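This briefing gathers computed features of one protein chain, grouped by topic. Please read it alongside the sequence and the coordinates.

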Amino acid sequence: MKMDSNNKFINVKGTRDILPEEAVMWRRMEEIIRKNMENYNYKELRLPTFEYTELFRKSTGEDTELVQKQMYTFQDKGGRSLTLKPEGTPPVARMYLQYGLKNKSPLQKFYYIERMFRQEKPQKGRYREFSSYGAEAIGSASAETDAELIKSALDIMDELGIKGIELNINSIGCPKCRVEFIKQLKKFLEPKLDSLCEDCKQRFSTNPLRIMDCKVDKDKLTDAPVPLDYICDDCEMHFSMLKKYLDYLNVHYVVNRKLVRGLDYYTKTVFEFVHSKLGAQDEVGGGGRYDGLIKFMGGEDTPASGYAVGMDRMLLLMPEAPKHKGIDVFVVTLDKESDIIGWKLLSLLREGGFSADKDSLGRSMKAQFREADRQDATWTIIIGEEERERGVVQLKKMETGEQKEVPSDIESIKEEIKC
Ligand code: HAM
């Protein structure tokens, strides 16, 4: 449906239009993310909008819901299969390898604020184009890094005034200990195989772990074995270190033994931030360790860990909008000749670093003052015939109504309004 009932174009289903009042909240969110990530010494990356489809097939995983059902994939005129990025981790891993970033330092920490695209059924908190910020630490095997990542997300949410976040953590083990877990999972699933959905029947032989995040078969998995019961000593030690580091940081967590997350690259630590206010889409963010991905993509054996947070979801949890900041000056002019002088003055004010505006619709003085109020101007400058002849302007402080005559040169005006 491209049109509304009045035959006007509307936005594409699942995309979001952000109007000025909401844009203020977005800007605030972005500033706080940047400030915190840079305090944690993560460096910004900017990712392309689309990548070769193969990148996601290989790294996010062929059997994931994301790759099987949600990607926006298209062929360009050169016959290449391209995909609008549904997540940031594979592009970051690609950039890390493509630019040999490892050579700069053995631990590379990145963050990004990006649009993502997933063809899901839109509902509150779930869109087809959404924004997320992510953080990736490539090169560290330590649980200290996992705890640092978790803490950075909590700091950001805290500074945004978001209360009531619950942190779920788990360990899904490494490829070594997963062998036994998969064996037990298959044993559990085998008798139920006929009742599973077609995708899960397929996953049973290709990637049984992915059955655990199937939305259709969720109820049949209540008593399924969980990875935590099968992790090796090394993974067990890593998980207990993670808990210790979180305790040091006074971060409250819940061990959720069923948490596996829906992407193929995870090993050991997985975590999610959830909030009950979000209803069905209660996951604000999530991530985990992906120790095998860089090697899998052709690099050296390099441990890594990261997370991403849905910014549209954070926005739903943020307290009321801060007020839109008003402008410094609104110039009110009382006749045509004054209007030209006012227009030149406007330009000088802007050059001087003040936010300023004036009427350009030929409105009455009363309407111009109404507009100055609407724009929440701190000052108005009034210019009429008398002021013009005497080389002055009237300067009015809107909050108090105080008015004063000032010489009309820009330096005198700037001197008055700078305080
Ligand atoms: P993800 O859990 O697939 O993880 O997505 C991250 C966050 O994006 C989710 O927690 C959710 O808040 C938000 N999100 C996902 N889909 C939608 C949607 N359709 N509409 C609105 N928000 C959505 C990843 O993407 C991993 N790359 C995270 C990661 C980084 N793991 C390691 N490093």
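E38 lies in helix 1, which covers residues 20-39, and in this predicted model E38 is partly exposed, with a relative accessible area of 47%. Although E38 and K109 are 71 residues apart in sequence, their C-alpha atoms are 9.9 Å apart in space. A second pair of positions concerns V216, which is found in the loop between helix 7 (198-206) and helix 8: the C-alpha atoms of V216 and V12, 204 residues apart along the chain, are separated by 27 Å. V216 is exposed, with a relative accessible area of 59%, which is over the 50% that the term requires.

**Helix 8**

- Helix 8 takes in residues 233-248, and at 1.5 Å a residue its 16 residues should span 22 Å, a value with which the separation of its end C-alpha atoms, also 22 Å, agrees.
- The buried residues in helix 8 are C235, H238, F239, L242 and L246, and because they fall within an arc of 95 degrees when seen down the axis of helix 8, they line one face of the helix.
- The packing partners of the buried residues of helix 8 include both helices and strands, namely helix 5 (143-159), strand 7 (166-171), helix 6 (175-189), strand 8 (254-255), strand 9 (267-274) and strand 10 (283-289).
- Helix 8 is followed by N250, whose phi is positive, near 60 degrees.

- H238, found in helix 8, counts as buried because its relative accessible area of 10% is under the 20% cut-off.
- Leaving aside residues up to four places away in sequence, H238 touches A141, S142, A143, D146, K268, T269 and R289.
- N168, found in strand 7, is also buried, at 7% relative accessibility.
- With residues up to four places away in sequence again not counted, N168 touches V254, N256, L259, V270, F271, E272 and V274.

- R261, whose place is in the loop between strand 8 and strand 9, is a residue other than glycine with a positive phi, near 65 degrees, and R261 is buried, with a relative accessible area of 11%.
- K268, one of the residues that H238 touches, has its place in strand 9 and is buried, with a relative accessible area of 12%.
- K268 is not a glycine, yet its phi is positive, at about 50 degrees.

**Helix 14**

- In helix 14, which covers residues 410-417, the buried residues are I410, I413 and I417, and they line one face of the helix, because they fall within an arc of 65 degrees when seen down its axis.
- These buried residues of helix 14 pack against strand 12 (329-333), helix 11 (336-351), strand 14 (379-383), strand 15 (392-397) and strand 16 (403-407).

**The second largest pocket**

- The volume of the second largest pocket is about 400 Å³, and of the 17 residues that line this pocket, the closest to its centre are P175, D264, Y265, T267 and G292.
- Helix 2 (53-59), helix 6, strand 9 and helix 9 (293-296) are the elements that give two or more residues to the lining of the second largest pocket.
- Divided by class, the lining of the second largest pocket has eight nonpolar, four polar and five charged residues.

**The cavity**

- The structure holds one cavity of 30 Å³ or more, and the space in the largest cavity is about 70 Å³.
- The residues that line the largest cavity are R16, I18, W26, R115, E129, F130, S131 and D312, and they divide into three nonpolar, one polar and four charged.
- Strand 6, covering residues 129-138, gives the most to the lining of the largest cavity, with three residues.

Methods
Residues numbered from 1 in each chain as written. Predicted model: local features only at pLDDT ≥ 70, side-chain atom pairs only at ≥ 80, totals over all residues. Heavy atoms only, no water. Helix = DSSP H or I, 4+ residues; strand = E, 2+ residues; numbered from the N terminus. Expected span 1.5 Å × (residues − 1). Buried < 20%, exposed > 50% of the residue type's maximum accessible area, 1.4 Å probe, protein only. Arc of directions from axis to C-beta. Contact = heavy atoms within 4.5 Å. 1 Å grid on protein atoms, 1.4 Å probe; cavity = no way out; pocket = protein on both sides within 12 Å on 5 of 7 lines; lining within 4 Å. Points joined across faces, edges and corners; volume = space filled by probe spheres on them. Nonpolar A, V, L, I, M, F, W, Y, C, P; charged D, E, K, R; others polar.
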